Every structure is written in structure tokens, then in C-alpha cells.
Amino acid sequence: MKPPIEHLNSVRRQVRIALVIMVLLVGGAGWWLWINHKSPVPSADAVATSPLALPQSDEVVDGIHIQNGLAEGPGYREVLVNCTACHSAQLVTQNRGDRNRWEQIIRWMQETQGLWDLGDNELVILDYLAANYPPEVINRRMNLDQAAIEWFVLSDGSDQEDNQ
Ligand code: HEC
């Protein structure tokens, strides 16, 4: 058994060493995250070589590209290259709209999300989007036939007086 003071000092030394190791670990992790940090909006270079933008498989089943869910048709390649760099193609395929609506979405992304000028491809892309993802057919139940409904007449309470 060491004398108590010496023992205390050795515990202190160990705690100090543990603290230094922790600071180094946390600092190291922070430094690693910092140097590996990537901007959420890819640079044009990164986009051009993005694996998302490069088709890996061209298999088409029922007019849908298996790899990404996009419809096959004129403009497919332009949409694949320009519209799947920042988000998945699903964001495209789950939206519907006429040409105007699609143009608005593109303008909005250009003004707020860093989408580039699409140049001549814009017309091709708009044609593709309007043709393959047009406004949803409204598929809701028929209106109720109001004349056929027996309405329950709400009482204001005045007819209750007869009962008293
Ligand atoms: C520079 C990056 C970038 C590119 C390239 C890009 N988008 Fe987007 N887009 C975004 C961001 C960011 C959002 C918002 C995502 C969210 O809300 O989570 C978005 C959202 C959308 C939405 C959803 C809009 C809504 O109203 O919810 C659609 C549809 C869309 N993009 C279609 C496209 C199409 C079509 C193209 C190709 C012409 C394209 N995007 C290219 C960044 C981009």
C-alpha cells in the first residue's frame, strides 16, 4: 500500500492523462470532420463526375428506368444529368404539374437552390417533365346528391317548450 498522499497524486496524474487523451480524441474527431466536410451543393465539376449522374444500368421495364424510377422518353438523359445531382430522381417523379408549374419549380431552384442555367436543355427537360409528369387526374369521390339526403334538422330549443 502506498502512503495516502502519494496514492492521491498518482490518481490525479491518471485523471490528468485521461483528460488529455479525451481532449485529443474530441479535437481529432472535430478536425477530421472539418477537413472532410463537403458543401451540400456540389460544384459543377463534382456534378459532372457524380456517380448519380452516370447511368449504371439502362434497364427499362414498363417504360420506367429501373435504376432511378424515371420514365423513358425523349429528354430522359438531360433530366438524369441535370436533375439528380442534388436530390434523388424520386423528388422529380413524385411531383406533378403542367409545363408552367415545372418551369416555376426550375426557376425556384435556380433562384434559391443553386440550380444552374439549363441552356438549350431547358426546353427538352420541360417537354419531358410536362409529358411524363402531368397534373394528376383528379380522382376523388362523386359529389353527394344533396337533394337525396334527409337532413337532420337542428332544433333551437323552442319546440321543447311543448314538452313541459
Ligand atoms: C443545384 C441543386 C439542384 C439541382 C441540380 C436540381 N434541384 Fe430540384 N431541388 C433542389 C433542392 C435543394 C430542393 C429542395 C429539397 C427539399 O425540399 O428537401 C429541390 C426540390 C425539387 C422539387 C420539389 C419541389 C417542391 O415543390 O417540393 C422538385 C420537383 C425538383 N427539385 C425537381 C428538379 C428538377 C426537375 C431538376 C432538373 C431540372 C432539379 N430539381 C435539379 C436542388 C436542386
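Where is the place of Pro134? Pro134 sits in the segment after H6. This is a predicted model, in which local features need pLDDT of at least 70, side-chain atom pairs count only at pLDDT 80 or more, and totals for chains, interfaces and linings use all residues. Residues are numbered from 1 along each chain as its sequence is written, and side-chain values use heavy atoms, with hydrogens and water left out.

**The chain as a whole**

- The chain has 6 helices and 2 strands. Helices (H or I, at least four residues) and strands (E, at least two) are DSSP runs, numbered from the N terminus.
- Along the sequence, the pattern reads α-α-β-β-α-α-α-α.
- The chain has 164 residues, and 20% of them are buried. Buried means under 20% relative accessible area, exposed means over 50%, and partly exposed lies in between (1.4 Å probe, protein chains only).
- Take the contacts between residues at least 6 apart in sequence: 52% of them join residues at least 24 apart. Contact means heavy atoms within 4.5 Å.

**The iron site**

- His87 (NE2) and Met109 (SD) coordinate the iron atom of the ligand, at 1.9 to 2.0 Å. The pair links distant parts of the chain, 22 residues apart. His87 is in the loop between helix H3 (76-83) and helix H4 (89-93), while Met109 is in helix H5 (residues 99-112).
- Donors are N, O and S atoms within 2.8 Å of the metal (3.2 Å for Na, K and Ca); water is not among the atoms, so sites may look incomplete.
- The site of the iron atom is octahedral, with 6 donor atoms and angles of 86 to 179° among them. Six donors count as octahedral if opposite donors are over 155 degrees apart and all others between 65 and 115.
- Ideal angles for six octahedral donors are 90 or 180 degrees.
- His87 is partly exposed, because its relative accessible area is 24%. Met109 counts as buried, because its relative accessibility is 18%.

**Around the ligand**

- The ligand has 18 residues around it, and Cys83, Cys86, His87, Met109 and Gln113 come nearest. A residue is near a molecule or strand if one of its heavy atoms lies within 4 Å of it.
- H3, H4 and H5 are the elements that give two or more residues to this shell. H5 gives the most, with 5 residues.
- A polar side-chain atom of His87 lies 2.7 Å from a nitrogen atom of the ligand.

**Helix H3 and Asn82**

- Tyr76, Val79, Leu80, Asn82 and Cys83 are the buried residues of H3. They pack against strand E2 (64-65), H4 and helix H6 (121-132).
- Asn82 is in helix H3. Asn82 counts as buried because its relative accessible area is 14%.
- The side chain of Asn82 makes a polar contact with the side chain of Trp116, at 2.8 Å. A polar contact is a pair of N or O atoms within 3.5 Å; within protein, one must be able to donate a hydrogen and the other to accept it, and residues adjacent in sequence count only if both atoms are side-chain atoms.
- A polar atom of the Asn82 side chain also lies 2.9 Å from the backbone oxygen of Glu78.
- Leaving out residues up to four places away in sequence, Asn82 touches Leu115, Trp116, Leu118, Asn121 and Ile125.

**The strands and their loops**

- His65 lies in strand E2. His65 counts as buried because its relative accessibility is 3%.
- Beyond its neighbours within four places in sequence, His65 is in contact with several residues, including Asp58, Leu70 and Tyr76.
- Asp62 is in the loop between strand E1 (60-61) and E2. Its phi is near 50°, a positive value in a residue other than glycine. Asp62 is exposed, with a relative accessible area of 75%.

**Back to Pro134**

- Pro134 counts as partly exposed because its relative accessibility is 33%.
- Pro134 and Arg101 are 33 residues apart in sequence, yet 9.5 Å apart in space, C-alpha to C-alpha.
- Setting aside neighbours within four places in sequence, Pro134 is in contact with Arg96, Gly97 and Leu129.

Notes. Tetrahedral: all angles 85-135°; square planar, octahedral: opposite > 155°, others 65-115°.
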